[in-house]
Amino acid sequence: MNKSLRFLIVLVPIIIFTFFANVLLIEEDEKFSKFNTKNFPSFELNDLNGIPVKYEYLDGIKLVNVWASWCITCLVEHPFLTKLSDANIQIVGLNYKDSNNKASAWLQKHGNPYIFSIYDPRGDLAFDLGVTGAPESYLVIDNQVVAHIQGEMTSKKWETIFYPLIKKASNET
Amino acid sequence: MIKSNFFLVSSFLIFSMYSFGEIVYQFEDIAQEKRFYSLISEIRCPKCTSGSIASSDAPVSRDLKNKVYDLIIDGSSDDEIKKYVSDRFGNFSDYRPALEGANYILWFGPFIFLSLILIIFFFKRRAE
């Protein structure tokens, strides 16, 4: 057997192994950090109090959080969102496929970390945003969606994906 | 007596059908219907590990199917519909990724790999 072939027999499995290890061990967070920036979709919806929400309300730095009173994981991430809102992060709620009464009661019971919540009972805006369920969170900077995560917002996701982008944006202005 | 029971039972049957009925999509012609079913089997359910929206009953898949239906009725082409979905849910949503950028590796990688193996084989045999 020639030398180069013996070399290949060792090398090829190593290459294949590293390739699959890379693909399989990719961090969830990393998957979400590759995001193509897009415009926040236009919408005509009210907030939970029935007041029309203007598109301009989404300028500056906003965390858009998809939530619903029927969503259990939303309750899990709720304390963390409250902490963020206490740290002066502006969080806009997107109330997803919920009823106004239940949503308002939920906020009354658990506290309201949102500056306002867009009421989207049919999930039209959510569909245009690419929401697959609740909870999900989007980072919106000057009406541009720059980051998106699915599932619970954790301090790890916040620090690795959202916070660096916020820091970068506030340095630029 | 028997007659009234008959009506009672048949009305139960009729109404139970209504409550468990699947959404039935009405099309203008067979071509539209065919397009609908081929499209929903080519769009990946964004909530599932792997599976088309045709095979999924997740709420988001139901929304997607309704949207695909609406777009077909409105006269959108297949490419327009796929673009509409991938604009919202990303490239991930398309089971047949477009021929562009990094997707070339996806499409031709296996063939390149296969031909490399064949070339090595060929040279090895000639050397012998």
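A salt bridge here is a side-chain nitrogen of Lys or Arg within 4 Å of a carboxyl oxygen of Asp or Glu. Keep that in mind as we look at this predicted model, starting where its two chains meet.

**Where the chains meet**

By that rule, two salt bridges cross the interface of chain B and chain A. B:Arg88 makes a salt bridge with A:Asp128, and their closest N and O atoms are 2.8 Å apart. B:Arg88 also turns up, with B:Asp63 and B:Phe89, among the chain B residues that lose the most area to chain A. Here's the interface in numbers:

| Item | Value |
|---|---|
| Area buried between chain B and chain A | about 1100 Å² |
| Share of that area on carbon and sulfur atoms | 63% |
| Share of chain B's buried area from B:Asp63, B:Arg88 and B:Phe89 together | 40% |

The contact draws 14 residues from chain B and 13 residues from chain A.

**Inside**

The largest nonpolar core holds 46 residues, and A:Phe40, A:Ile118 and A:Phe162 touch the most other members. Helix H6 of chain A (residues 155–172) gives this core its largest share, five residues. Apart from it there's another core of 20 residues, including A:Phe127 and B:Tyr25.

**On the surface**

Some nonpolar residues sit outside, too: a surface patch, including A:Phe19, A:Phe20 and B:Phe113, has about 1000 Å² of accessible area together. Helix H1 of chain A supplies its largest share, six residues.

Methods. Residues numbered from 1 in each chain as written. Chains lettered and ligands numbered in written order. Predicted model: local features only at pLDDT ≥ 70, side-chain atom pairs only at ≥ 80, totals over all residues. Heavy atoms only, no water. Core = buried A, V, L, I, M, F, W, Y, C linked by side-chain atoms within 4.5 Å. Buried < 20%, exposed > 50% of the residue type's maximum accessible area, 1.4 Å probe, protein only. Helix = DSSP H or I, 4+ residues; strand = E, 2+ residues; numbered from the N terminus. Patch = residues over 30% accessible without salt bridge, like charges linked within 9 Å, V, L, I, M, F, W, Y side chains within 5 Å. Areas by Shrake-Rupley, 256 points an atom, 1.4 Å probe, with all protein chains shown as cover. Contact = heavy atoms within 4.5 Å. Buried area = accessible area lost by both parts, 1.4 Å probe.
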